Amino acid sequence: MSHPSPEAIADVIVVGAGPAGACAAYHLARRGRRVALLDRTAFPRDKSCGDAVTRAGIALLAEMGALELLPSAWPVRGLRVTMRGHAPREFRDAAGPERDGLVVPRALLDDALVRLAVAAGAQLRERVRVRRLVQEDGVVRGVEAGGRLLRAPVVIAADGAASALSRQAGLTATPPGGLGYALRAYVEDVHGLDHLLEFMAPLTDAGARHWLPSYGWAFPTGPTSANVGVGLVERVPNARSDALFAAFLEELRTGDPRFRGMRPAGARRGAPLRFDFSPHRCWAPGLLLAGDAAGMISPFTGEGISFALESGKLAAEVADERLADPRDLSRYARLLSGRFQGYFETGQHAAERHRLVWHVLDDTFDSERPIYALVRRAALAPEGMAGFGSSGVLTDARPLLDPAVGVGAELVEVGELLAETMRPDWPFLTRLPALSSGSFQLSVRPALMVLLAARFGDWRRPELTSLAAAVELAGLAGLAQSGVPDRPSDEGRPNWGTMFAVLVSDVMLARALGLCADGDLVPELARIVEEACTSRMRELRAGRFPSPGDRLALMGRTGPAALFAAAGELGARVSGADEAVAAALGDAGRGLGLCLQLADDVARLLGGTDRLGRDARADLEEEITSYPLLLALREDPELARLLARADSSADELVRRCARTGMAAEVAERARRLADEASAGLATLADGPATRSLAALLTHAASRVEREVLMGARTGDGSPRVPPARVTTRTFSAGKL
Amino acid sequence: MSWVTHEPCVRRLERLGPLLEETLASEDEHLSEVARHLVAQGGKRLRPALVFLSAEFGPRVDEDVLLRAAAAIELLHVATLYHDDVMDRAESRRGAPSTHARWGQAAAVTAGTYVFARAMRLLGGLDRPVPAWAGQAVLALALGQLQETENAYNAGHQVARYLEVSVRKTASLFELSCRAGAALSGADEDACEALGLYGRALGLAFQAVDDVLDVTADAALLGKRPGSDLREGVYGLPTLMALAHGAEAEQERLRALLALDSPDDGDLAEARELILGSGAVAHATAVADHYADEAVSAAQRLPDRPARRALVQLCHHLVLTGR
Ligand SMILES: Cc1cc2nc3c(=O)[nH]c(=O)nc-3n(C[C@H](O)[C@H](O)[C@H](O)COP(=O)(O)OP(=O)(O)OC[C@H]3O[C@@H](n4cnc5c(N)ncnc54)[C@H](O)[C@@H]3O)c2cc1C
């Protein structure tokens with residue numbers, strides 16, 4: 001520095017003592033740093049919020065020891081989403097050692113966090129309003145407050161959605177869609193909310209002629225009290241949040257018996273929402289942004305507390321590390337983008353893309369087709385919810401692989417390449433298959449098959465990673481296309497779901513081909529796609545009820561079987577293995593894919609869920625009847641009538657299937673398929689890759705058996721996941 | 001006046017039809033039938049013509065290679081038609097029932113992807129750098145389509161961003177056609193560049209004309225209901241111009257109509273009248289003329305050959321048919 005500076009007041013100044021700031025201060029203090037935590041108010045203080053903390057946030061609270069300080073917090077075990085005109089859906093937390101989510105008034109939560117930061121050694125200064133950042137030579141050196149200059153090597157701006165500091169640093173501009181806005185109030189005398197968060201979207205105006213990018217919620221704060229509110233995701237001309245709020249409350253009161261006697265307790269309170277997080281705009285030399293100041297609120301559910309906590313913790317980590325030279329804090333950007341890629345949309349498309357996803361959710365809310373199940377989860381379900389990407393649904397491949405095969409690092413690399421490939425086009429897409437989640441990266445998937453097959457040739461070929469990523473993308477594209485129903489559901493309205501499926505598959509295919517360009521593999525990948533189309537066409541033409549044997553033959557050429565077969569063949573060929581080896585690996589892949597699919601298909605019919613988190617409702621909707629269901633049909637012809645009706649219940653389907661001998665037959669079939677494929681492996685040289693493939697096959701077959709056993713244990717085939725209550729309601733919000 | 005009279009080009013176009021059908025053969029009869037549905041109906045084959053004309057500016061042509069490239073690019077275009085028609089729920093295409101109306105959406109989407117994969121297989125076998133260019137064009141197409149859908153029902157869609165979408169979803173294939181033809185014939189850098197610019201500008205002019213037709217033409221000529229883009233929330237150039245430059249009261253009324261969740265025929269007819277009455281068609285036509293001029297001046301940079309005259313003629317023809 002060119003001129004002498006007055007004494008720094010701390011190692012780090014944290015501005016704002018909400019969840020982001022308090023968490024950052026706590027972790028810095030724990031690391032032995034001197035921290036000044038400044039807030040313009042005094043604690044306890046109220047903050048306009050829905051007060052719901054999901055599991056991801058709970059883990060961070062537990063780590064700070066905050067849960068013990070919040071005995072009155074109300075536990076929640078899932079989310080119930082109602083979209084206009086559709087039956088509600090529940091996303092339940094997966095059973096596991098993790099704790100429940102919580103609803104806790106921010107007056108209590110924030111106070112507890114501040115106290116913990118202080119106990120850890122942070123120096124709290126209340127009623128200090130920071131006026132501006134102090135910058136020298138482009139580096140933030142402190143802040144100005146109360147006419148005084150406060151210096152520290154690093155400043156963490158955690159000053160909320162209206163963050164003046166991030167604006168001053170040139171790190172925010174009002175996003176194109178304008179800021180969102182949300183309003184909440186506490187109510188009493190509500191009954192029967194139990195332990196679920198209630199979420200309703202989107203709200204419409206009185207004539208239901210205008211659709212608003214908005215949502216409403218009712219989160220239980222106790223046995224008979226709740227936090228209710230509405231959020232508008234972008235600025236909409238003529239839409240006023242207070243009118244929306246009043247109408248929403250009226251709707252709850254008159255439309256839902258649980259809210260009939262509801263009384264307000266306290267004033268309502270609103271605050272802006274910001275969704276514009278971008279890794280490029282979360283730091284400047286000497287400055288880190290955390291929480292809402294960095295624009296970290298989910299545009300679909302309004303969740304922000306867990307992101308605030310996590311970014312606060314990461315900011316503390318980076319500040320601690322870089323204290324000696326805080327000019328380059330880019331690691332923070334890397335940490336955040338690795339962690340949150342896909343959660344937030346940035347740039348000029350953000351508002352339009354949020355709207356598109358809302359339309360897709362609205363249009364496909366009742367559909368169980370894979371791509372729509374994925375979109376729903378990606379947009380609405382917080383992390384840790386039951387279903388795709390959460391523990392227990394995907395098999396961790398690692399324990400099955402021979403330790404000497406060593407493909408783990410490559411698998412992670414493939415996952416990163418996939419995310420990198422899709423992120424520039426549309427970050428949200430990387431969230432679809434939870435591409436970034438560890439449990440996905442290490443699950444039994446086509447990329448793994450490519451890498452294992454490559455072990456039979458020169459597995460160091462550089463194009464293998466791209467090939468593996470391309471095969472995954474082609475598979476996802478196929479999954480997306482299978483979401484296109486044969487007939488539009490409503491001729492009179494735009495078919496957002498179909499549009500989305502087609503667009504996404506086209507972008508993914510284009511990207512897959514791009515990944516293949518370097519290794520001259522475009523014709524190879526194109527051939528696989530051609531074959532997939534040919535088989536898909538046959539499958540479509542075979543109709544809903546081919547014989548089980550025909551279905552099995554078709555299954556071997558479509559879906560996971562075709563994908564894993566192609567992965568095995570291509571992986572071998574690209575690594576230079578000879579054709580006989582490639583063929584054997586293709587067969588092994590096919591066997592593996594078939595077993596995986598049989599396990600999924602039978603799991604749903606026995607009252608469980610498949611790898612995408614779908615239950616037997618999917619079987620009522622699909623044009624393609626699964627092999628297990630066809631077996632059941634042979635024994636119970638009544639099932640055909642059930643499938644033909646539009647209003648059939650999945651429970652009945654499960655009950656009826658359980659009464660047939662279908663399950664045992666499927667298990668037997670899977671065992672035989674796995675055995676055949678294993679026998680084919682005998683032609684290959686023994687080694688870690690061969691042993692790993694054999695173990696994967698055995699595991700896949702035993703997964704079918706496990707599903708069958710679990711189905712048998714519930715006896716009458718009663719569903720293992722409680723079904724959603726079926727009531728159809730429309731949320732409108734009066735005249736705006 | 002026909003849109004292309006250049007003799008070698010016409011001859012090659014004649015050979016193209018059978019090649020397209022042959023390329024789309026599948027071991028599955030049904031797939032062959034559905035996948036050939038659109039090419040069997042003919043169509044103008046504008047993009048192949050651009051490949052052929054552009055190939056006149058280099059020293060050598062391998063007839064088979066050139067035909068293969070032209071077929072592949074045409075098939076890329078045809079593939080997008082399959083997917084577009086499903087997304088737009090178009091009832092007909094080229095005067096016949098659309099593929100999905102006849103065989104269902106799932107089959108139509110599958111056939112479109114099949115056509116696309118066949119095209120990519122052909123393109124992948126061509127000399128560098130054509131496969132790489134094709135890859136870029138394919139990505140541009142997909143992203144352009146995505147961006148267009150994002151902006152569906154967006155009455156705040158900016159004309160500048162609209163052009164960005166047009167560059168991707170329409171101009172990219174025109175440009176690819178010209179560049180591929182030039183590169184495969186060994187044309188020099190200057191010619192490649194000029195042809196690339198020509199293709200891009202022509203694509204933009206073409207898109208503008210197409211948008212104008214959607215509001216001005218009658219159903220018989222269009223093969224679909226006029227104003228159907230409005231119903232689908234795809235706001236073409238005239239609509240955006242009316243929203244940007246129309247009289248204030250009319251603008252506001254138009255915005256209100258477009259904001260309706262499910263407008264009825266009356267609403268749409270009124271919106272169309274407002275657009276027609278706002279002078280927006282003249283504005284949009286001026287945009288088309290602007291890009292047509294740009295295309296013609298790019299062509300003027302090429303050596304004076306019959307093919308150059310054919311490119312200019314093609315451009316004039318395309319823009320004039322929109323009147
Ligand atoms: C109505 C509403 C409902 C919501 N519901 C939920 C929900 O249910 N669950 C969920 O997870 N998220 C919800 N959110 C989002 C959540 O509230 C935020 O993401 C979260 O509060 C972010 O925490 P933070 O620490 O970044 O900012 P804040 O909690 O806003 O804290 C910022 C702090 O900075 C202080 N400050 C500001 N400027 C200065 C200054 N110049 N000098 C000194 N101090 C300053 C403020 O006093 C404040 O204490 C909701 C938001 C709204 C508006």
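Start by selecting helix H2 of chain B, residues 29-40. Colour by burial (buried is under 20% relative accessible area, exposed over 50%, partly exposed in between, with a 1.4 Å probe and protein chains only) and you'll find B:His30, B:Leu31, B:Ser32, B:Val34, B:Ala35, B:His37, B:Leu38 and B:Val39 buried. Helices here are DSSP runs of H or I with at least four residues, strands are runs of E with at least two, and both are numbered from the N terminus. Step just past H2(B) to B:Gly42, where phi is positive at about 85 degrees.

A word on ground rules before moving on: this is a predicted model, in which local features need pLDDT of at least 70 and side-chain atom pairs count only at pLDDT 80 or more, while totals for chains, interfaces and linings use all residues. Residues are numbered from 1 along each chain as its sequence is written, chains are lettered from A and ligands numbered from 1 in the order in which they are written, and side-chain values use heavy atoms, with hydrogens and water left out.

**Zoom out to chain B**

Why does a radius of gyration of 20 Å agree with a compact globule? Because a globule of 323 residues would come out near 20 Å, by a rule of 2.2 Å times the number of residues to the power 0.38, over C-alpha atoms. Of those 323 residues, 61% count as buried.

Now show the charged side chains: there are 32 positive and 45 negative ones in chain B, with the centres of the two sets 5 Å apart. Lys and Arg count as positive and Asp and Glu as negative, leaving out His and the chain ends; each charge is placed at NZ of Lys, CZ of Arg, CG of Asp or CD of Glu.

Next, colour by pLDDT, the predictor's confidence in each residue from 0 to 100. Chain B has a mean of 88, and 95% of its residues reach 70 or more. Helix H10 (residues 219-222) of chain B is lowest, at a mean of 56, and helix H3 (residues 46-54) of chain B is highest, at 96.

**Two loops in chain B**

Pick B:Gly186, in the loop between helix H8 (159-184) and helix H9 (189-216) of chain B. Leaving aside neighbours within four places in sequence, B:Gly186 is in contact (heavy atoms within 4.5 Å) with B:Gly58, B:Pro59 and B:Arg60.

Then jump to B:Pro129, in the loop between helix H6 (105-124) and helix H7 (130-150) of chain B. The peptide bond joining B:Arg128 and B:Pro129 is cis, with omega about 0 degrees. Most peptide bonds are trans.

**Over to chain A**

Select chain A: 25 helices and 20 strands, with buried residues making up 62% of its 736 residues. Its pLDDT averages 86, and 88% of the residues score at least 70. Over residues 715-736 of chain A the pLDDT is below 50, and over residues 384-393 of chain A pLDDT stays under 50.

Where does chain A have a cis peptide bond of its own? Look between A:Phe43 and A:Pro44, where omega is about 0 degrees. A:Pro44 is in the loop between strand E2 (35-38) and strand E3 (52-53) of chain A.

- A:Arg127 has a positive phi of about 55 degrees although it is not a glycine, and counts as exposed at 64% relative accessibility.
- A:Asp189 has a positive phi near 60 degrees and is partly exposed, with a relative accessible area of 31%.

A:Arg369 sits in the loop between helix H8 (350-364) and helix H9 (370-380) of chain A, and is buried at 5% relative accessible area. Among its contacts beyond four places in sequence are A:Arg614, A:Glu621, A:Glu622 and A:Glu623.

Finish on A:Ala618 in helix H20 (residues 617-621) of chain A, buried at 1% relative accessibility. A:Ala618 touches A:Glu368 and A:Arg604, not counting residues up to four places away in sequence.
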